[in-house]
Amino acid sequence: MTIRVLITTDYLRPGDEADRFLRAAGLETTHLPMTGRRDPGDLVAALAGIDAALVANEPLTGDVLARAPRLRVIVRTGVGYDSIDVAAAARLGITVSTLPGVNANAVAEYTLGLLLAGARRLLQSANGVARGGWPREDGHELRGSTLGLIGYGASARAVVPLARAFGMTVLCTTNVPVDLREPGVRFTGLAELLSTSDHVSVHTALTERTRGLLDTAAFKRMKPTALLVNTARGPIVDEDALVAAVRAGEIAGAALDVVAEEPLPSDSPLRGVDGIVVYSHLAGQTAEARAAAGLRGAEEVVAALAGRARFVVNQEK
């Protein structure tokens with residue numbers, strides 16, 4: 001029987017390196033790029049007769065998975081897997097894998113880019129010039145400032161040497177056991193990190209514990225000059241609380257690469273708020289990271305179908 005693989009990651013294409021790898025392994029591929037919201041019924045139809053799926057942020061709910069009887073393997077071309085009901089997948093005998101660290105360098109460089117843009121008000125300057133003005137407001141240097149990292153996974157670890165090269169002091173809070181002697185980082189609790197950091201960058205996974213972690217109380221702890229950067233997951237930030245905090249001057253602003261609902265709705269409260277800049281989920285999207293994710297994802301699909309998944313995040317119950 002032919003083994004069929006569905007590919008929904010929007011930057012993967014028929015005939016690319018990942019596709020050639022899968023076909024060389026004797027698999028049949030079907031590309032159905034996800035470029036926006038997809039109706040659950042359409043997703044169920046796409047999974048009909050599919051044995052493995054290489055996906056981006058498809059909402060693979062328990063109901064969808066239960067209606068895909070041939071599906072045995074799901075591989076995310078990224079790190080997070082909050083869009084997948086991993087418990088339901090485990091009950092159904094479906095392995096779910098991610099690609100840890102595949103885009104860590106891309107995310108780290110992007111994070112520094114957002115920090116620089118925010119500290120020097122680059123977007124505000126460019127927009128002012130585009131409108132016919134010539135804004136000359138002072139910015140701030142990163143050197144001598146304190147960066148607080150929420151989470152210490154691969155992308156946060158990759159940020160540390162970049163931040164240190166700019167002369168920043170780096171704090172971190174994490175619930176994951178780490179060597180507290182990590183060079184260049186001081187580990188502390190969330191409350192202290194929020195109150196002492198000039199910049200707060202989110203790198204933690206979305207879980208029930210972290211959902212809404214940055215709320216009204218969190219923003220009140222932060223410096224009025226602080227900038228929030230989020231390249232992790234949108235729901236970690238309470239968006240209504242963020243808008244209120246920025247408008248009240250409790251924090252200086254935010255650079256958000258991720259939001260609770262993507263693409264950003266036209267009526268989002270984040271729109272039109274001076275100091276809040278929303279980007280289109282680009283942190284891990286470099287040519288290099290995409291190429292690595294596609295090939296490593298294809299390799300994980302083949303390994304998982306053979307019962308040798310290397311980066312599985314759930315276990316069959």
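Select Tyr279. It counts as partly exposed because its relative accessibility is 26%; buried means under 20% relative accessible area, exposed over 50%, and partly exposed in between, with a 1.4 Å probe and protein chains only. This is a predicted model, where local features need pLDDT of at least 70 and side-chain atom pairs count only at pLDDT 80 or more, while totals for chains, interfaces and linings use all residues. Residues are numbered from 1 along each chain as its sequence is written, and side-chain values use heavy atoms, with hydrogens and water left out.

Which aromatic pair links Tyr152 to a distant part of the chain? Select Tyr152 and Phe187. Their pair is edge-to-face, 5.3 Å centre to centre with 90° between the planes. Rings of Phe, Tyr and Trp (its six-membered ring) pair if their centres lie within 6.5 Å; planes under 30 degrees apart count as stacked, over 60 as edge-to-face and the rest as tilted. Tyr152 sits in the loop between strand 6 and helix 7 (154-165), Phe187 in strand 8 (residues 186-187), 35 residues apart. Helices (H or I, at least four residues) and strands (E, at least two) are DSSP runs, numbered from the N terminus. Tyr152 is buried at 8% relative accessible area. Phe187 is buried too, at 18%.

Next, the largest nonpolar core. A nonpolar core is a set of buried Ala, Val, Leu, Ile, Met, Phe, Trp, Tyr and Cys residues joined through side-chain atoms within 4.5 Å. Select Leu214, Phe219, Leu228, Leu242, Leu270 and Ile276: of the 30 residues in this core, they touch the most other members. Now colour helix 8 (190-196), strand 9 (199-202), helix 9 (216-221), helix 10 (239-247) and strand 11 (253-256); each supplies at least two core residues. Helix 10 gives the largest share, five residues.

Zoom in on Leu242. Leaving aside neighbours within four places in sequence, Leu242 is in contact (heavy atoms within 4.5 Å) with Phe219, Leu228, Val237, Ile251, Ala254, Leu256, Leu270 and Ile276. Apart from this core lies another, of 24 residues, including Ala108, Tyr152, Ala156 and Cys172.

Last stop: Gly139. Find it in the loop between helix 6 (122-130) and strand 6 (146-150). Gly139 is partly exposed, at 29% relative accessibility. Beyond neighbours within four places in sequence, Gly139 is in contact with Ala119 and Arg120. Draw a distance from the C-alpha of Gly139 to that of Arg121: 6.2 Å, for residues 18 apart along the chain.
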